[in-house]
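Me: I am new to this structure. Please walk me through how to read it, one feature at a time.

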Amino acid sequence: MLFQTREFLILMLVVLAGIAILRQARAQHWMLLVASYMFYAWWDVRFLILLLLTSMIDYSAALGIYGVQLSWKERFRLSLLLIAGAYLTLGLNWPAVQGRQTQIALAEFFRPGWEQAPAAIAAIAAFALVGPVIYGWYFRLSENARRNAFLATSMCGNLAILGFFKYFDFFRDNLAGLGGALGYHWALPALNVALPVGISFYTFVTMSYGIDAYRGDIVPERSFVRMALFVSYFPHLVAGPIIRPQQLLPTLTAPWTLSAERLTSGFHLAAVGLVKKVLIADSVAPLVDSILAHPDGQPSIAIWLGTVLFAVQIYGDFSGYTDVARGVSRMVGVELPLNFNFPYFSTSIVEFWRRWHISLSSWLRDYLYIPLGGGRVSMPRVYANLMITMALGGLWHGASWNFVIWGTYQGALLCVNRFFSEWKAKSERLVALFERPAVKVLCWAVTMYFVLLGWLIFRVTDFAHLQEVARKFVIFDGRWELTSLGLGTGSPVIALLAFLIFVVLHCFSYFEIRWAELLDRAPAPALSLVYMLLGLVFFFAWPSENAPFIYFQF
């Protein structure tokens, strides 16, 4: 379910009504959990079982780490719920229903619509039956061994699900290619399954829950409903922010209440997010695709134009989603963390990653970089830690070599930044020099150059095309013609107009005040005028088709 659809508007109104009517926290939790599962199932009901499975694994593992043993009755209930969930999501013909078939017989609905469904249901049922027994065996171990066993189960379970659905075909294709290069022809099976929406995001959410329980940073949640709601809470579910247990679970101890101030402020933030997504990102996307999806023969100036516009597109798309998510969550009473803080005003790569996708950057820092040793080890180890962290962060984005290259490239930039910063810190004169405004502008320009080159690597997935566009980005070919883009007609004019609007609005927001905050402070007459203008703009400029958010593929 997309935020910019009628279906989501209806869901949101139902959720707000439910919070207003239901005064008990438990009833609210059930309502929010059902709403979150409906939100996720709108894409494909079948993948809902993965959300339920990962929630159960980490719920049980975290309690086991903490030393709380579920009774056989509780384990049986969870197993029964998992088996029932497997049948309801996989055993019914949801592909026919969600494929918008106009007519489907009742008997046909009760047949699996996926040929692998019986095997999948059997595998999940076997896990549901064996899992409680293994769970009991873990409690026969020593305390330290038990904690390690539960943590290993949590990590392996999450990574196995993520790896199977997201990376199976990627590694299969590369193994087959390697075998062919060595003279072997391996007939490896292909999974050929759609990527579950948001699997990378909610996998990191569930992993943080288990790791925080192991570190003693949280007390694991005793209620499965509350833990499942933490994982599946619909505003953050499919594209972040990647929340931590401490950011949501404490709010579930008491009933949520609505307030006019939060409703208004959340609406303003969501409206700003929709402007970024619908009016900015979706407007520049066609021109970006015409340049970077088919870069053959394009001059350097066109590659530069496409890259700059893609930087605007991905920022408007992703930060727009985050603004809508944070606004929606604020309306129902929960403040989600800031995920973007003007990254395109950064004067170094380190600063860029402190401002861009903050929840992912902090997750990689806290759960990967620091456990590897962080910056407390020798400099060669520090550089290795940075490279490993960013290469894996690149792979997290997608099962494609361009993402691995992009992550490795970002790691190399961070290493260079680290080396230069330590060298600069040795001289007070250099430190003072880099505080001058002119030098800061130069640092910003250099940073943006390397950020844009990174976005080019991120966007172009074909390796042959990537080599060509990277060469034309770095080495200007002297050609200035842009006639092939059709400038002056149709979508190019809209794209360039959207780019200019973005630059003006973004600079005002950075140097003066964020637009959502400005709307919060605006008097009622001014707000009425803004609402009317926004309504007219959305009415005339809303695209005929709702484009999915870029980060849904991750």
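Reply: Start with burial. Buried means under 20% relative accessible area, exposed means over 50%, and partly exposed lies in between (1.4 Å probe, protein chains only). By that rule phenylalanine 201 is buried, because its relative accessibility is 1%. Tryptophan 396 is buried too, at 3% relative accessibility.

Me: What kind of model is this, and how are residues numbered?

Reply: The model is predicted: local features need pLDDT of at least 70, side-chain atom pairs count only at pLDDT 80 or more, and totals for chains, interfaces and linings use all residues. Residues are numbered from 1 along each chain as its sequence is written, and side-chain values use heavy atoms, with hydrogens and water left out.

Me: How do I read a pair of aromatic rings, and how many such pairs does the search find?

Reply: A pair of aromatic rings is described by the distance of the centres and the angle of the planes. Rings of Phe, Tyr and Trp (its six-membered ring) pair if their centres lie within 6.5 Å; planes under 30 degrees apart count as stacked, over 60 as edge-to-face and the rest as tilted. The search of the whole structure finds 61 aromatic pairs. Take phenylalanine 201 and tryptophan 396: the ring centres are 5.0 Å apart and the planes stand at 75°, so this pair is edge-to-face.

Me: Which helices hold phenylalanine 201 and tryptophan 396?

Reply: Helices here are DSSP runs (H or I, at least four residues), numbered from the N terminus. Phenylalanine 201 is in helix H9 (residues 199–215) and tryptophan 396 is in helix H16 (residues 379–397), so the pair ties together parts 195 residues apart in sequence.

Me: Where does a charge sit over a ring?

Reply: The test is geometric. NZ of Lys or CZ of Arg must be within 6 Å of the ring centre and within 35 degrees of the ring normal. Lysine 166 has its charged end over the ring of tryptophan 396, 5.7 Å from the centre. Lysine 424 has its charged end over the ring of phenylalanine 434, 5.0 Å from the centre.

Me: What about salt bridges?

Reply: Side chains of opposite charge can pair when their charged atoms come close. A salt bridge is a side-chain nitrogen of Lys or Arg within 4 Å of a carboxyl oxygen of Asp or Glu. The whole structure has 16 salt bridges. One of them joins glutamate 74 and arginine 222, at 3.0 Å from N to O. This pair links distant parts of the chain: glutamate 74 is in helix H4 (residues 72–90), arginine 222 is in the loop between H9 and helix H10 (224–232), and they are 148 residues apart.

Me: Which salt bridge lies within a single helix?

Reply: An α-helix has 3.6 residues a turn, so residues three or four places apart point the same way. Arginine 418 and glutamate 422 both lie in helix H17 (residues 401–425), four residues apart, about one turn of the helix. Their side chains meet in a salt bridge at 3.3 Å, N to O.

Me: How should I read phi?

Reply: Most residues other than glycine have a negative phi, and most peptide bonds are trans. Phenylalanine 342 has a positive phi of about 55° although it is not a glycine. Phenylalanine 342 sits in the loop between helix H13 (300–332) and helix H14 (349–355). Histidine 357 also has a positive phi, near 40°. Its place is the loop between H14 and helix H15 (358–369). Phenylalanine 342 is buried at 7% relative accessible area, and histidine 357 is buried at 1%.

Me: What can be said about H13?

Reply: Check its length. The expected span of a helix is 1.5 Å times one less than its number of residues. The 33 residues of H13 should span 48 Å, and the end C-alpha atoms are 48 Å apart, which agrees. Now check its cover: 29 of the 33 residues are buried, so H13 is largely enclosed by the rest of the structure. Glycine 333 follows H13, with a positive phi near 115°.

Conventions: Helix = DSSP H or I, 4+ residues; strand = E, 2+ residues; numbered from the N terminus.
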